[in-house]
Amino acid sequence: MSKPEVEAFDKLVSFLNYPMFVVTAAADGIRAGCLVGFASQASIHPPRFLVGLSEQNHTFRVAAGATHLAVHLFDREHLDVVELFGSRSGDTINKFDRCSWHLGPAQTPILEDAAAWFVGRILDRFPLGDHVGYLLEPVDGSPPHELEQWVSFRDVRDLPPGHEA
Ligand SMILES: Cc1cc2nc3c(=O)[nH]c(=O)nc-3n(C[C@H](O)[C@H](O)[C@H](O)COP(=O)(O)O)c2cc1C
């Protein structure tokens with residue numbers, strides 16, 4: 001049973017709706033990627049972005065050896081790719097056999113169905129709790145032409161994650 005103040009927090013965050021991202025990484029020839037909701041711009045000048053990766057995830061273990069992460073935003077028409085990255089684990093399947101991608105900056109996989117993406121150099125890693133924060137400096141990317149139906153938390157809140165958080 002959680003404490004009242006935690007219950008209040010849990011209730012509050014359950015009402016939030018925010019963009020969902022697919023974050024990919026590569027290290028030592030191994031590619032990984034997962035669905036991420038804990039992510040946000042963190043600074044304007046200089047531009048910075050913060051990604052929270054669960055220590056349980058295959059992506060976390062690959063990202064530990066990576067220099068860059070790619071952050072993708074998807075339109076709802078490609079919800080199938082988003083669900084693949086959120087509901088399956090690289091510990092058991094190769095997600096990159098099941099979607100279109102190409103190698104981007106620093107050998108980081110870029111998902112071709114994404115509506116927009118950027119690659120960030122990892123500046124810092126620090127503990128956030130059961131997630132590790134990755135502070136990114138954007139170094140390359142492709143902005144959206146148009147983006148009205150981006151995948152949000154509400155679209156995937158009932159998706160069973162490939163790994164428990
Ligand atoms: C709605 C939702 C939000 C999620 N948010 C995050 C997140 O912010 N960070 C994270 O590391 N995993 C998050 N996950 C979990 C991973 O995307 C999921 O466990 C994935 O299958 C892990 O894949 P991997 O083991 O190949 O890395 C989320 C999953 C869902 C369904």
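**View 1. Strand S1 (residues 21-27) pairs with S2 in the antiparallel sense over seven bridges.** The model is predicted: local features need pLDDT of at least 70, side-chain atom pairs count only at pLDDT 80 or more, and totals for chains, interfaces and linings use all residues. Residues are numbered from 1 along each chain as its sequence is written, and side-chain values use heavy atoms, with hydrogens and water left out. Strands (E, at least two residues) and helices (H or I, at least four) are DSSP runs numbered from the N terminus; two strands pair if DSSP finds at least two bridges between them. Thr 24 has Gly 33 in S2 as its bridge partner. Helix H3 (residues 79-87) packs on the sheet and touches S1 and S2. The direction of H3 makes about 105° with that of S2, where axes are lines fitted to C-alpha atoms, for helices over the stretch in contact, and angles run from 0 to 180 degrees between N-to-C directions.

**View 2. Seven strands form an open antiparallel sheet.** The order is S2-S1-S5-S8-S9-S4-S3. Strands S2 (30-36) and S3 (39-43) stand at the edges with a single partner strand each, so one side of each has no neighbour in the sheet. Neighbouring strands are turned by 35° against each other on average, direction ignored.

**View 3. Gln 149 lies in the loop between strand S9 (131-142) and helix H4 (153-156).** Leaving aside neighbours within four places in sequence, Gln 149 is in contact (heavy atoms within 4.5 Å) with Phe 74, Asp 75 and Arg 76. The C-alpha atoms of Gln 149 and Asp 75 are separated by 5.4 Å, at 74 residues apart along the chain.
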